[in-house]
Amino acid sequence: MTDELKPWRVTASRITYEDRWIRVRSDDCVTADGTVIAPFHVLDYPDWINVIPVMPDGRVLLTREYRHGRGEIVLGLVAGGVERSDSNTGDTALAAAQRELREETGYEASTFVKLLTSYPNAASHSNAVTSWLALGLSKAGEPSFDPGEKVELLFTDLAAILADLQSGAVIMQSMHVAALFTAESWLRTQASEGLK
């Protein structure tokens with residue numbers, strides 16, 4: 001690693017757009033070598049979570065939902081943003097994962113395993129995403145969707161969905177893909193340790 005890499009210096013910063021979904025921060029920056037980059041737009045999203053619910057029979061619970069950015073029905077994970085109400089507990093990402101699982105699927109889990117935390121796009125997004133494995137599922141009621149939200153649930157074999165992702169038969173959000181492969185690795189490790 002080199003000592004030449006240094007954070008940019010911000011000489012001015014302003015909020016150029018804000019609503020309940022996103023805040024756009026426009027920064028005037030100077031790099032370590034003196035290059036001026038202005039404006040540089042940063043998308044200030046809240047932190048996100050993903051959940052991979054694993055049924056007692058080993059199938060995973062995926063979602064199908066219309067995603068307007070692509071204009072398509074997309075297969076994915078239980079996911080959502082960390083909300084202010086999630087801060088009433090010690091681990092806001094865990095609270096968000098528990099809430100989103102219940103809201104989108106009607107299921108609750110007895111165990112949540114933190115799989116990984118990653119950056120959706122560190123170049124221009126300020127947030128992080130934490131992915132969880134949900135185990136010990138039980139039906140707690142019906143889903144409770146946000147206005148405009150409609151989610152279909154799909155139970156599938158993890159190996160099959162990973163094969164579909166690798167072949168290109170299914171395209172998902174990249175953070176969901178990373179979480180699924182991490183879940184497969186974690187589950188495989190647990191199974192091999194259980195055989196010892």
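Buried denotes a relative accessible area under 20%, exposed over 50%, and partly exposed in between, computed with a 1.4 Å probe and protein chains only. The views below show a predicted model, in which local features need pLDDT of at least 70 and side-chain atom pairs count only at pLDDT 80 or more, whereas totals for chains, interfaces and linings use all residues. Residues are numbered from 1 along each chain as its sequence is written, and side-chain values use heavy atoms, with hydrogens and water left out.

**View 1. Overall fold of the chain.** The chain contains three helices and 10 strands, where helices (H or I, at least four residues) and strands (E, at least two) are DSSP runs numbered from the N terminus. Their order along the sequence is β-β-β-β-β-β-β-α-β-β-β-α-α. The C-alpha trace spans about 60 × 45 × 40 Å along its principal axes. Of the 196 residues, 36% count as buried.

**View 2. The largest nonpolar core.** A nonpolar core is a set of buried Ala, Val, Leu, Ile, Met, Phe, Trp, Tyr and Cys residues joined through side-chain atoms within 4.5 Å. The largest such core has 18 residues, of which I52, L62, L133, I161, M172 and L180 touch the most other members. At least two residues of this core come from each of β5 (60-67), β8 (107-118), α2 (158-167) and α3 (174-195). Helix α2 gives the most, with four residues.

**View 3. Surroundings of L180.** Neighbours within four places in sequence being left aside, L180 is in contact with I52, L62, L77, L158, L162, L165 and M172; contact means heavy atoms within 4.5 Å.

View 4. A salt bridge is a side-chain nitrogen of Lys or Arg within 4 Å of a carboxyl oxygen of Asp or Glu. R25 forms one with D27, the closest N and O atoms being 3.1 Å apart, and another with D44, at 3.2 Å from N to O. D44 lies in strand β3 (residues 36-44) and R25 in strand β2 (residues 23-30), 19 residues apart. D44 is buried, with a relative accessible area of 12%, as is D27 at 5%, while R25 is partly exposed at 24%.

View 5. E83 and R99 meet through their side chains in a salt bridge of 3.5 Å, N to O. E83 sits in the loop between β7 (78-81) and α1 (92-105), and R99 in helix α1 itself. E83 is partly exposed, at 37% relative accessibility, whereas R99 is buried, at 14%. Salt bridges link E83, D86, R99, E100 and E103 in a network.
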